[in-house]
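Subject: Structure handover

Hi,

Here is the structure I said I would pass on. Have a look at it first, and then read on for what turned up.

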Amino acid sequence: MNKHIPQNASETTASESAAGGLLHIDLDALASNWRCLRDAAGGAEASAVVKANAYGTGIEKAVPALARAGCRTFFVAHVSEAVRTRAVAPDATIYVLNGLLPGSCAAYATSNLRPVLGSLEEIMEWAAFSRAEGRRFPAAIHVDTGMNRLGLTVREGLALPIRSELKDFEPSLLMSHFASAEEQDNPVNGQQIKAFTAVRNMLPDVPASLANSSGIFLREKPHFDLVRPGYALYGGNPTPDEENPMRPVVGLEGRIVQLRWIEAGETVGYSGRWTARDKRRIATVSVGYADGYSRSASARGQSGEATLSGMAIVASRLCPFAGTISMDLLAVDVTDVPEGDIARGVPVTLIGGALTIDEVGRRAGTIGYEILTSLGARYRRTYREAQD
Ligand SMILES: *Cc1c(COP(=O)(O)O)cnc(C)c1O
């Protein structure tokens, strides 16, 4: 299993005692989440979105685990990610979401990759390349139904059947992307489904795909022929207003490097932004913002104040952060942890249990997606293999 040679810093695995943070990635939960999403999508094919190094979990580990679970189609953002995916999934269908940069057709063909064409210009370039090579190369066509980010306009999409370029290459997927699928009652969802269905009806023979993770759970069930989950695969909650149906995939532990008592009125960390109201015990933990732990989870104000900032689980107790997060360290107020349960070297949970990626994101003023995709290069990564 370990024949993969690390190709970038995110694959670095320091030894356990040499690393500041321990990242646990559960490939069994990943595979189980994929099966759960496949079942939720009814008869539609379930693909996997593995852009951004499989949301921080590692393409070289995540893709083979998903392929073994039965996943055949993968989406990435860039050609570089697609090439890494191809190396571990020789038979998979791989789409590149960001589309075609000028003059890059040959790079796609070489690795048997499919661009997601997002403009008439891209369609013309792919068609010309196919004509020149004498092969109808497959590609997806992206129609923008509300993001105003990537894709043909709906008007351009409705006019696709009369374009001669569609005979030059193989349109293998027609897709669009939800802007607000995590909001079950947002009327934009229905409008996007309607616009996409209209374009789809113009190209009835081309498989269609609209739903991301949250889209799979919309009451309209806009599954079409293929669903494209990303976040939910990695344990994020696709239904924020309801209980998370997914299993957690990522866990993070830091270690206590020092413990100290401080007196009332003393501050912790850079710029003294957090003040002890009474005598407090502070644990300094070996993870900081250079590990990708968001500095915006820093704690300001006074001890005991209910502010929205980071937390750690120390000996089964939720403990609040104290002060500004540093580059390599963060401080936790562990006053409430019994003396016998805490010592130098003891691991503390930064992601795991009640500290889900959604919760860690909320406490950092961001979303769980950003927590996952920021997971640092210095962590020692351990993978639990799928138990299939
Ligand atoms: C990132 C992305 C997805 C996956 O979205 P999640 O919300 O992570 O499930 C699907 N489709 C497109 C076009 C994307 O860019």
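Predicted model: local features only at pLDDT ≥ 70, side-chain atom pairs only at ≥ 80, totals over all residues.

**Aromatic rings**

With that rule, the count is 10 aromatic pairs. Tyr108 and Trp126 make up one of them, an edge-to-face pair with 5.9 Å centre to centre and 80° between the planes. This pair links distant parts of the chain: Tyr108 belongs to helix 5 (residues 105-110) and Trp126 to helix 6 (residues 120-133), 18 residues apart. Are these two buried or exposed? Both Tyr108 and Trp126 are buried.

Another pair, Tyr231 with Tyr369, is stacked, at 3.9 Å centre to centre and 15° between the planes. Tyr231 sits in the loop between strand 10 (226-227) and strand 11 (250-262), while Tyr369 is in helix 11 (residues 368-373), so this pair ties together parts that are 138 residues apart in sequence.

Now to the cluster: ring pairs join Tyr55, Tyr231, Tyr234 and Tyr369.

**Charges over rings**

Two lysines are worth a click. Lys61 lies over the face of Tyr383, 5.2 Å from the ring centre. Lys279 does likewise with Trp261, at 5.3 Å from the ring centre.

Strand 13 (residues 274-275) pairs with strand 15 in the parallel sense, over two bridges. To find the spot, go to Thr275, which stands opposite Gln302 in strand 15.

**Annotated positions**

Which residues does UniProt list for "binding site"? The record, an unreviewed entry, gives Arg149 and Met327. They span 179 residues in sequence and the farthest two C-alpha atoms are 33.8 Å apart, so they do not all gather at one spot. Of the listed residues, Arg149 is included in the lining of the second largest cavity.

Taking them one by one, Arg149 is in the loop between strand 7 (138-142) and helix 7 (154-158). Arg149 is exposed, with a relative accessible area of 52%. Leaving aside neighbours within four places in sequence, Arg149 is in contact with Asp144 and His177.

Met327 is found in the loop between strand 17 (317-320) and strand 18 (330-333). Its relative accessible area is 42%, so Met327 counts as partly exposed. What does Met327 contact, leaving aside neighbours within four places in sequence? Met327 is in contact with Gly288, Tyr289, Ala290, Asp291 and Arg378.

Cheers

Notes. Residues numbered from 1 in each chain as written. Heavy atoms only, no water. Pairing = 2+ DSSP bridges. Helix = DSSP H or I, 4+ residues; strand = E, 2+ residues; numbered from the N terminus. Phe/Tyr/Trp six-rings, centres within 6.5 Å; stacked < 30°, edge-to-face > 60°. Buried < 20%, exposed > 50% of the residue type's maximum accessible area, 1.4 Å probe, protein only. Lys NZ or Arg CZ within 6 Å of the ring centre and 35° of its normal. UniProt positions renumbered as here; feature names shortened; annotations may be inferred. 1 Å grid on protein atoms, 1.4 Å probe; cavity = no way out; pocket = protein on both sides within 12 Å on 5 of 7 lines; lining within 4 Å. Contact = heavy atoms within 4.5 Å.
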